[in-house]
Amino acid sequence: MEKQNIHILTSQPSVANHFVAELRDVRVQQDSLRFRRNLERLGELLAYEISKTLPYTPSTITTPLGNRHTQLLLEQPVLATIMRAGLPMYQGMLNYFDQAFSTFVGAYRAEEEGQELEVNMEYMASSNLNNRVLILADPMLATGKSLVKSYKGMLRHGQPQQVHIAAIIASPEGVAYVQQEIPEAQLWLGDLDDHLNEHFYIVPGLGDAGDLAFGPKI
Ligand SMILES: O=P(O)(O)OC[C@H]1O[C@H](OP(=O)(O)OP(=O)(O)O)[C@H](O)[C@@H]1O
Ligand SMILES: O=c1cc[nH]c(=O)[nH]1
Ligand SMILES: [Mg+2]
């Protein structure tokens, strides 16, 4: 795992630590509204951090009393996410990049086959990605297979000029795989955990983000 191109929100203490801590806490997790809202809040904070690195253009704003020069985004990014668990975090990013177009991917981790884990991708709706800033958000970066498969599928819809991948909790194994497969991406993480267990869950992680946000899958 290379350290360059990785930005970790909780590497400096801030209220982000509280939001990540609540996501992990087995007692607080029982409140699914709070769980979803914490995913959303971290999506907002990561969007704000990413926004500091995007291109801006000088603009003049007219108030009732005069003019003010400022810098505004050259263009809105395209926000992409992977259903289900990505939806609250995506909503947080959309709160801040409020005119962004969106890309949705339906992908899920299937049963493990021996030592391997397969990701099924069954749905994609995307706007044109050609020359755009793409932000791909998914709260959990475990093996990285969901993010890599989704990103590669998205390239059918154009070649972005900048790629940002945002995750709330990541494993070192997943980060290394994403860096190998998508070397052009900047990685924005809430926190970086210890390792994956034998079922490819992040340890200590938080459990199953999709189930905690939306209920167990049958
Ligand atoms: O890095 P990976 O090993 O691919 O794991 C990460 C994926 O696992 C979760 O989705 P899941 O497959 O559980 O689907 P869900 O969102 O419907 O729960 C999560 O939201 C990621 O998309
Ligand atoms: O730890 C993990 C790994 C994948 N998906 C989750 O929701 N949690
Ligand atoms: Mg899940």
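**Labels and their grounds**

Modeller: This is a predicted model. Start with ligand 2: its surroundings are A85, M140, A142, Y201, I202, G205, D208, A209 and G210.

Colleague: What makes these residues surround ligand 2?
Modeller: The cut-off is a C-beta atom within 6 Å of the molecule. A85, M140, A142, Y201, I202, G205, D208, A209 and G210 are the residues around ligand 2. By class, six are nonpolar, two polar and one charged.

Colleague: And how many residues surround ligand 1?
Modeller: The number is 21, and the closest are A85, A142, T143, S146 and G210. The shell holds 10 nonpolar, six polar and five charged residues.

Colleague: Which elements each supply at least two residues of that shell?
Modeller: β5 (101-113), β8, α4 and α6 (209-214) do.

Colleague: Why does L187 count as buried?
Modeller: The threshold is 20 or more other C-beta atoms within 10 Å. L187 has 25 such neighbours, so L187 is buried. L187 lies in strand β10. Beyond four places in sequence, L187 touches N5, I6, H7, I165, V175 and V178.

Colleague: Which residues of helix α5 are buried?
Modeller: In α5 (172-181), they are G174, V175 and V178.

Colleague: How do you know that they are on the same side of α5?
Modeller: They cover an arc of only 100 degrees around the axis, so they are on the same side of α5. The buried residues of α5 pack against β1 (6-8), β8 (140-141), α4 (145-154), β9 (162-170) and β10 (185-192).

Colleague: And which residues of α3 are buried?
Modeller: In α3 (86-96), they are G86, L87, P88, M89, Y90, G92 and M93. The buried residues of α3 pack against α2 (32-51), β4 (78-83), β7 (133-137), β9 and α6.

Colleague: Why is N131 called exposed?
Modeller: The label needs 12 or fewer other C-beta atoms within 10 Å. N131 has 11, so N131 is exposed. N131 sits in the loop between β6 (116-125) and β7. Its phi is near 65 degrees, a positive value in a residue other than glycine.

Colleague: Then why is F200 called partly exposed?
Modeller: Buried starts at 20 and exposed stops at 12, with partly exposed in between. F200 has 17 C-beta neighbours inside 10 Å, so F200 counts as partly exposed. F200 lies in the loop between β11 (195-196) and β12. Phi of F200 is also near 65 degrees.

Colleague: What makes these backbone values worth a remark?
Modeller: Most residues other than glycine have a negative phi, and most peptide bonds are trans.

Colleague: Where are the cis peptide bonds?
Modeller: One joins M83 and R84, with omega about 5 degrees. R84 is in the loop between β4 and α3. Another joins V203 and P204, with omega about 0 degrees. P204 is in the loop between β12 (202-203) and α6.

Colleague: How do you know that the protein agrees with a compact globule?
Modeller: At 218 residues, such a globule would have a radius of gyration near 17 Å; the protein has 18 Å, so the value agrees. Of its residues, 38% count as buried.

Colleague: Which members of the largest nonpolar core touch the most others?
Modeller: Of its 56 residues, they are L42, L79, I135, I165 and A167. Among the contacts of I135 beyond four places in sequence are I50, L79, M93 and H164.

Notes: Residues are numbered from 1 along each chain as its sequence is written. Chains are lettered from A and ligands numbered from 1 in the order in which they are written. This is a predicted model: local features need pLDDT of at least 70, side-chain atom pairs count only at pLDDT 80 or more; totals for chains, interfaces and linings use all residues. Helices (H or I, at least four residues) and strands (E, at least two) are DSSP runs, numbered from the N terminus. The arc is that of the directions from the helix axis to the C-beta atoms. Two residues are in contact if their C-beta atoms, placed from the backbone, lie within 7 Å. Ala, Val, Leu, Ile, Met, Phe, Trp, Tyr, Cys and Pro count as nonpolar, Asp, Glu, Lys and Arg as charged, and the others, Gly among them, as polar. The radius of gyration is taken over C-alpha atoms; the globule rule is 2.2 Å times the number of residues to the power 0.38. A nonpolar core is a set of buried Ala, Val, Leu, Ile, Met, Phe, Trp, Tyr and Cys residues joined through C-beta atoms within 7 Å.
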